[in-house]
Amino acid sequence: MKVIVIGAGISGLIAAYELERSGISPILLEGTDRVGGRVTTDEVDGFLLDRGFQVLLTAYPEAKRYLDFEELKLKKFDSGAIILNPGSSFTIQDPLRQPSAMLGMAFSPVGTLRDKLKIYKLTKQLSKKSIDEIFESNDISTLAYLKGFGFSDKIIDNFFKPFFKGIFLENELSTSARMFQFVFKMFGEGFAAVPEGGMRMISEHLRSKLNQTDLRLNTVVEKIEGNQVWLKNGEIIQADKIIIASRPDRILTQMEGQLKPYRFVYNLYFSLEKSFLARPIIGLIPDDKFLINNIVFMTDVSKTYSSNKKALLSVSVVKKVENPSSLEKLVSIELEALSGISSEYFKHIKTYEIKEALPDVDDMKSNLPFTNSKVYDHIFLAGDYLLNGSINAAMTSGRKAVEAMLLTIQDPH
Ligand SMILES: Cc1cc2nc3c(=O)[nH]c(=O)nc-3n(C[C@H](O)[C@H](O)[C@H](O)COP(=O)(O)OP(=O)(O)OC[C@H]3O[C@@H](n4cnc5c(N)ncnc54)[C@H](O)[C@@H]3O)c2cc1C
């Protein structure tokens, strides 16, 4: 049985792994020079730069299934976040993990005391709800959900908006409350972490689990016609089954125009002599006048992100900018306002404009019925856009595509 998987992102790597487990040796075609797709890291001037600030949530069920956390040498973030405003900063803690922090928070201006008790209640409530229950719940916006839960505008603006803007990559909290509850639950039940050597370690780790897969890098698929996979280099490969683990709308005429535009983000990296947060924690900038939404000193999380002892700062901007070439300057001025450190000390390393960061999914789900993976008896789909934009979803979709494919072999009708 000749099976071709198109795309060696997380979903394609999992699909190849699951195929191997069922005794099939697939061909895995990847258009770029590496595996991992959106989960990758570059080495620039002695720094490790993840392409877009991302974290692995250790509570992801799929991560527990497929990843060896010890081998990845995961480095954890402190729970909660620091809220940064010019001239002041406050920490918001996870009340379940650090109940004693509630007292300190009671006096912080991030929200009202009632808000802080509600955070506790929400965390408790979500710990009792299963992931499937969450994804079957009402499909309202995150903002409507938070208001309905009784949170004040103060805590929504100070904490929930900047925190979840950085995750959903949209400014209105219009993303489904299903995703909000899922992510909030995952943050409550595990840790946010990055592998010591950058997010790419996750992709490399999955690749290292493949023994029977014929991985072909720098191999762009142009189109699929019937059972034929047409490559950009002119080659045509005949396949019995094809799993598309990349955007299907670009290679399958029947799927053209079926995906909504993706969400974007700018990710800027700066080096500095020393971290001004000095903690492995996410810094949030609630003030809407700022371009910057969130910052993290990656070297506070894992020292390996720098080979020269300098601190590495990752900055995320979720707003569209008219003139992206001015971004570096504008952001360094904002960093000066937030930290009190002159902008000239922030040395710009690189700016990523990630145009297709997250899919915009209408009906977010945690699981896939076989019918959703199958296009024809010989073509199957994998990818985060089928469920929700996360590493967890990408992994689920890879496995489900293989399960759907195997069903057509066992029961061709
Ligand atoms: C900035 C950013 C922040 C994120 N933050 C988080 C986070 O904190 N936590 C989290 O869980 N998730 C996060 N995500 C989402 C997560 O990275 C994705 O959901 C996941 O990586 C998607 O995997 P995938 O396999 O579905 O798609 P992709 O990673 O897009 O993989 C598709 C692969 O197919 C290849 N390909 C495309 N077209 C072709 C072709 N024609 N021929 C051959 N190969 C092709 C691509 O090169 C790529 O390798 C973030 C993503 C971004 C970009």
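**Cavity lining and an open sheet**

Visitor: How do the residues lining the second largest cavity divide into nonpolar, polar and charged?
Guide: That lining has six nonpolar, two polar and four charged residues. Ala, Val, Leu, Ile, Met, Phe, Trp, Tyr, Cys and Pro count as nonpolar, Asp, Glu, Lys and Arg as charged, and the others, Gly among them, as polar.

Visitor: What sort of model is this?
Guide: It is a predicted model, where local features need pLDDT of at least 70, side-chain atom pairs count only at pLDDT 80 or more, and totals for chains, interfaces and linings use all residues. Residues are numbered from 1 along each chain as its sequence is written, and side-chain values use heavy atoms, without hydrogens and water.

Visitor: Back to the cavity, which residues line it?
Guide: The lining runs through K165, N171, I285, P286, D287, D288, F290, L291, I292, N293, V318 and K319. Each has an atom within 4 Å of a cavity point, meaning a 1 Å grid point where a 1.4 Å probe fits but cannot get out.

Visitor: And what's its volume?
Guide: About 60 Å³, counted as the space filled by probe spheres set on the points. Searching the whole structure turns up two cavities of 30 Å³ or more.

Visitor: New topic: what's the strand order in the open sheet?
Guide: The six strands go β10-β2-β1-β14-β21-β20, with mixed pairing. Strands are DSSP E runs of at least two residues, numbered from the N terminus, and two of them pair if DSSP finds at least two bridges.

Visitor: Which strands are at the edges?
Guide: β10 (214-216) and β20 (374-376), each pairing on one side only.

Visitor: How do β14 and β21 run, parallel or antiparallel?
Guide: Parallel, with three bridges joining β14 (residues 241-244) to β21 (residues 379-381). I244 stands opposite L381 in β21.

Notes
Helices (H or I, at least four residues) and strands (E, at least two) are DSSP runs, numbered from the N terminus. On a 1 Å grid over the protein atoms alone, a cavity is a set of points where a 1.4 Å probe fits but cannot get out, and a pocket is an open set with protein on both sides within 12 Å along at least five of seven lines; lining residues have an atom within 4 Å of a point.
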